[in-house]
Amino acid sequence: MTHRAGPETNPSGSSAVFPEVTEPVLRRVQDTIIAWFEEAARDLPWRHPNTSAWAILVSEIMSQQTPVARVEPRWHDWLDRWPTPADLAAAPTAEVLHAWDRLGYPRRALRLQEAAEVIAAELDNRVPETSEELERLPGIGSYTAAAVSSFAFGRKTTVLDTNVRRVLIRLFAGRERPTTSPGRRETAWAADFVPEDKHVEWNAGVMEFGALVCTARSPDCPACPLQDICTWNQSGRPTSVTKPKTQKWAGTDRQLRGAIMDVLKAAHVAGDDQGGVGLDVFTTSVTDFDPSLLDSLAESTAAAVARVRELSADQDRISRLIADLVADGLAQQVDGRLALPKS
């Protein structure tokens, strides 16, 4: 087999995009990554021995597009409250959304609860072991299924998150970054690199290497133990033709949706959500707004409402986002009032 770097783009879809790798090079990479992981891995609680498959599944869902530092305290609190799928399945949805706190993308919390309901009702409260079984659960995609099957049950899978894909693309294909999402050919290519032995350590090690060394913005190439055979490094670290899409936050619908959810969470804690928060506090125009509308709300809820109104005075936009939250199951609207879902 040959070891060659593919071009930055490849409209024809030829095999040059995912080059073959010689056995000596692959063995060097596998041994190096696994040894590095044994020395440098972060002490994350979900990596501890005897961590349940449910706890590992929760960590994977929480960690999607969310820094580990924000996940860890929420993960501990979550498992203290709901140590098994059945516990989460029985929890009020409002409590689940409140406990999700500031992790972002609160629909993940709903999907996790839906998965817990299936596990509790149909699978004897046991997280399934294989990727195929896991992917049948609500909200569980190919990456999460492969990760849980590997890290919780020690099965040989191909775990492809952004960090893993970036390391492999740089090492073997000479490109700065992978495409937005992996296709079948990339998945099959990456599967060839997973060793028969220590495949769990390989999956976790490549992921950790991408998180700590071969990072997206500031890779520490001088400290990389594979810099001498990294195709990207040896090629002068060429910049990708296509730039990564950066997700703005300030001024976006996502920011405003989060602010509306903060109102509902504050109301839930303060007890203001028994009858819900009146829609008029969100949608009344600046000129017509009567501050006394906030008098019946707790101080924390009123402050959260003020934040929504500070972010946008566009009544149609706010109404649209409220409708989206209701459609997504993140809020309920009854008699002109809004609250977290009760069931």
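Phenylalanine 172 is found in helix 9. Helices here are DSSP runs of H or I with at least four residues, strands are E runs of at least two, and both are numbered from the N terminus. Phenylalanine 172 is buried, with a relative accessible area of 1%. Buried means under 20% relative accessible area, exposed means over 50%, and partly exposed lies in between, with a 1.4 Å probe and protein chains only. Phenylalanine 172 and cysteine 230 are 58 residues apart in sequence, yet their C-alpha atoms are 6.7 Å apart in space.

This is a predicted model, in which local features need pLDDT of at least 70 and side-chain atom pairs count only at pLDDT 80 or more, while totals for chains, interfaces and linings use all residues. Residues are numbered from 1 along each chain as its sequence is written, and side-chain values use heavy atoms, with hydrogens and water left out.

## The chain

The secondary structure comes to 16 helices and three strands. The C-alpha atoms fill a box of roughly 75 × 45 × 35 Å along the principal axes. Of the 343 residues, 48% are buried. Contact means heavy atoms within 4.5 Å. Among contacts with a separation of 6 or more, 66% join residues 24 or more positions apart.

## Helix 9

Helix 9 covers residues 162-173. Its end C-alpha atoms are 15 Å apart, which agrees with the 16 Å that its twelve residues should span at 1.5 Å a residue. The expected span is 1.5 Å times one less than the number of residues.

How much of helix 9 is buried? Eleven of its twelve residues are, so the helix is largely enclosed by the rest of the structure. The buried set runs through Asn163, Val164, Arg165, Arg166, Val167, Leu168, Ile169, Arg170, Leu171, Phe172 and Ala173. The buried residues pack against helix 1 (23-40), helix 10 (184-191), helix 11 and helix 12.

Both ends have a local feature. At the start of helix 9, a side-chain oxygen of aspartate 161 reaches to within 3.2 Å of the backbone nitrogen of asparagine 163. Just after the helix, glycine 174 takes a positive phi of about 75 degrees.

## Two cavities

Rolling a probe the size of a water molecule over the atoms shows where empty space is left. A cavity is a set of points, on a 1 Å grid over the protein atoms alone, where a 1.4 Å probe fits but cannot get out; lining residues have an atom within 4 Å of a point. Grid points are joined across faces, edges and corners, and a volume is the space filled by probe spheres set on the points. The whole structure has two cavities of 30 Å³ or more.

| Cavity | Volume |
|---|---|
| Largest cavity | about 100 Å³ |
| Second largest cavity | about 50 Å³ |

The largest cavity is lined by 14 residues, of which Phe209, Cys214, Cys221, Cys224 and Cys230 are the closest to its centre. Helix 9 and helix 12 (231-234) are the elements that give two or more residues to this lining. Helix 9 has the largest share, three residues. By class, the lining has ten nonpolar, two polar and two charged residues. Nonpolar means Ala, Val, Leu, Ile, Met, Phe, Trp, Tyr, Cys and Pro; charged means Asp, Glu, Lys and Arg; the others, Gly among them, count as polar.

Thr158, Val159, Leu160, Val164, Leu168, Ala190, Val194, Trp202, Asn203 and Val206 line the second largest cavity. Here helix 9 and helix 11 (199-212) are the elements that give two or more residues. Helix 11 supplies the largest share, three residues. This lining divides into eight nonpolar, two polar and no charged residues.

## Asparagine 233

Asparagine 233 lies in helix 12. Its side chain reaches the backbone oxygen of glutamine 227 at 3.0 Å. Not counting residues up to four places away in sequence, asparagine 233 touches Cys221 and Gln227.

## Positive phi in loops

Most residues other than glycine have a negative phi. Which way does phi of glutamine 65 go, positive or negative? Phi of glutamine 65 is positive, near 55 degrees. Glutamine 65 sits in the loop between helix 2 (53-62) and helix 3 (68-81). Glutamine 65 counts as exposed, at 63% relative accessibility.

Aspartate 335 also has a positive phi, about 50 degrees, although it is not a glycine. The loop between strand 2 (332-334) and strand 3 (337-339) holds aspartate 335. With a relative accessible area of 75%, aspartate 335 is exposed.

Definitions and conventions:
On a 1 Å grid over the protein atoms alone, a cavity is a set of points where a 1.4 Å probe fits but cannot get out, and a pocket is an open set with protein on both sides within 12 Å along at least five of seven lines; lining residues have an atom within 4 Å of a point. A polar contact is a pair of N or O atoms within 3.5 Å; within protein, one must be able to donate a hydrogen and the other to accept it, and residues adjacent in sequence count only if both atoms are side-chain atoms.
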